[in-house]
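This report concerns aromatic side chains and their surroundings. Please consult the sequence and the structure shown here.

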Amino acid sequence: MVKLEDITIQFGDDPLFDNLSWTLTPEPHRIGLVGPNGAGKTTLLKVIAGEQRVDAGTVTREGVSIGYLEQDVQELPDDRTVRDEALRAFDDVLALEDKEERISDELAATDHESDRHEKLLNQLHRVQEQLDAREAHRVRPRTEATLSGLGFAPDELDRPLHTFSGGWRMRAALARLLLAQPDILLLDEPTNHLDIASIDWLEDTLETYPGAVVLVSHDRSVLDRMVTTTAELVRGRLLHYDGNYSHYLEAREERYARWQRKYENQQKRIEEIKTFISKFRYNAARASQVQSRIKKLEKMDRIPPPPDPAPTMSFTFPEPPRSGAVVLELSTFSKTYNTDQGPETVFTDAGPLTIERGDKIALVGPNGAGKSTLARIIRGTESFDGTRTEGHKVTTAFHAQHQAEMLDPDQTVFDTVRNAAPDRPKTELRSLLGRFLFTDQDAFKNVRVLSGGEKSRLSLARTLLSPANLLILDEPTNHLDIQSREVLIEALQKYDGTFVLVSHDRHVLDAVAEQTWRVGGGTVRTFLGNYSEFRWQVEEGSARPLRDAQTTDTTSAAAGPSDNGHATPDATENTASDDDPLQNGPFADLNSYQLKQKLEATEERILEIEEKQEELEAAMADPEAYEGDGVAARELSDEYNALKKELADLYEEWEVLTECVMALED
């Protein structure tokens, strides 16, 4: 176990931890470590891992192995490949394999009749027994499956790690830790650089992890699904809660309310005692009572006030100018990059795509599928084979995925926004920065000293400088804490314009999106509904029969990993016959969700017409309709015949729709 007893760490004048105690056991359970930015979550993980010394208190580690995944992976040896890094989890097995090879080589060169040969045979037998006990035959398949689950392609496993970005090096380090299975696994923002498919895979893996997991994350969906208990780091100490993040929020509110009542009651009692002392301090008859109350005050265990709510950014997107009904149209398009390894095709005859005023679109798909490329095509800054037609009075604001990293490190926070909008009054810019938590002297800090979350807030603030009716937001939640993400959700929900959002935060996507565009396999498929609704369509299989027969993409973003860690493709190819209504009927372009919506609308319209026909039949049976010149009767008859024709068409449509939906359910 790991036991922290009354530890204190002092950074500057205020202690980061103040007599903090915590005991971690290796039994299988998953703890979410939460708290505001700067509370010390990363420092606490380093203390547990033995990478941070404490100023006071004791740290005991007994009989447990500890694995620690940092937010930022340090530089690795140039010659180490992805596979090499992951296989470091099995150093003991690799050492035994080397020993087996050395013994085998010596055996081949040794006289079969000699005593040395007999000894070598015995040594080889013992080594092979040890390899069998460690299931050495499963080491490499497990390694490849884990790396595949985290998004590595088979041809990337033997590439040097230094050729990958920091996010991909982090994945390799995570694979090594998961394969090593330490008793206590410490994960600091493990999903920062993962796409949704890899996050799904990681969640499935951690659900059956045989040891304890301590998880720091800004992804609310991960915390809600993964953690069984929550530890809140507040004022240098830990408060423990049963349940996931959503349960913690409810329980914390109740705890803080009780804390506030206890604090107020104690303050009231203190004031009463002080009033008594002040009133009777010089009264000889009450001297003993006064002294008793003075001692009582001195011995009283004072309840501190509950912490104030952590400051959160507060903003709304500027009121957008009204655009035309059609915001953007993309023809059928293709995109190929010329790389050092040769042409790399991202899109092949994708589309056509249309964005209409008020659309709330989420772009999802595996890393490298082309989400950011499509975002730039929509913006108009990426060349491609096809045409892009922008609608009437469309104004665009764009937040790039790595925009925070591209800020000038030598500029101040204030100069960063002033250079983006030099004509804006200073007071307006300071007010904007204040809403993003850059108050007072924070506005004059150099960008280089900002944390990842602060840089993300600053780059998001720059996006708001110009009113726009088309927002293109590529991973705007990177490094934002949960509270800031909730503010972004609220701002997007209130936004009256059109937006296209790329994010791997499923909670954000579910809260704001009304359409989901799935990017992958060289094409883009559109679905009505948010991410969870899109995922249901794919996981339940209802969308698969409608998939284009030429699409080779495996819908890994929603289908999840198979047993070998790879995304699961459809079991069979699309071999629909010419009379298959799913592929060749009038509704072949609709997905399952749209089909069911269409069927429901058709049924409702049929009921409306049947009821209207009954009303017309009753009216035509009334003799008064035929009085005078009979105009009323002819109008009733014309309306009835028109409805009768429409009803006949609707019945045919209903039959085809019903056949399509039944085929999907089969």
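Phe 276 and Phe 280 are 4 residues apart in helix α9, so about one helical turn separates them. Helices are DSSP runs (H or I, at least four residues), numbered from the N terminus. The model is predicted: local features need pLDDT of at least 70 and side-chain atom pairs pLDDT 80 or more, while totals for chains, interfaces and linings use all residues. Residues are numbered from 1 along each chain as its sequence is written, and side-chain values use heavy atoms, with hydrogens and water left out.

Helix α9 covers residues 245-280, and in it Tyr 256 and Trp 259 are 3 residues apart, so these two are also separated by about one helical turn. Tyr 256 and Trp 259 are both buried, as are Phe 276 and Phe 280; buried means under 20% relative accessible area, with a 1.4 Å probe and protein chains only.

## Ring geometry

In total, the structure holds 14 aromatic pairs. The ring centres of Tyr 256 and Trp 259 are 5.6 Å apart and the planes stand at 85°, so this pair is edge-to-face. For Phe 276 and Phe 280, the centres are 4.8 Å apart and the planes at 50°, so this pair is tilted. Rings of Phe, Tyr and Trp (its six-membered ring) pair if their centres lie within 6.5 Å; planes under 30 degrees apart count as stacked, over 60 as edge-to-face and the rest as tilted.

One aromatic cluster is formed by Phe 315, Phe 317, Phe 436 and Tyr 495.

## Charges over rings

Arg 159 lies over the face of Phe 164, 4.0 Å from the ring centre. Arg 255 lies over the face of Tyr 241, at 4.6 Å from the ring centre. A charge sits over a ring if NZ of Lys or CZ of Arg is within 6 Å of the ring centre and within 35 degrees of the ring normal.

How values were computed. Buried < 20%, exposed > 50% of the residue type's maximum accessible area, 1.4 Å probe, protein only.
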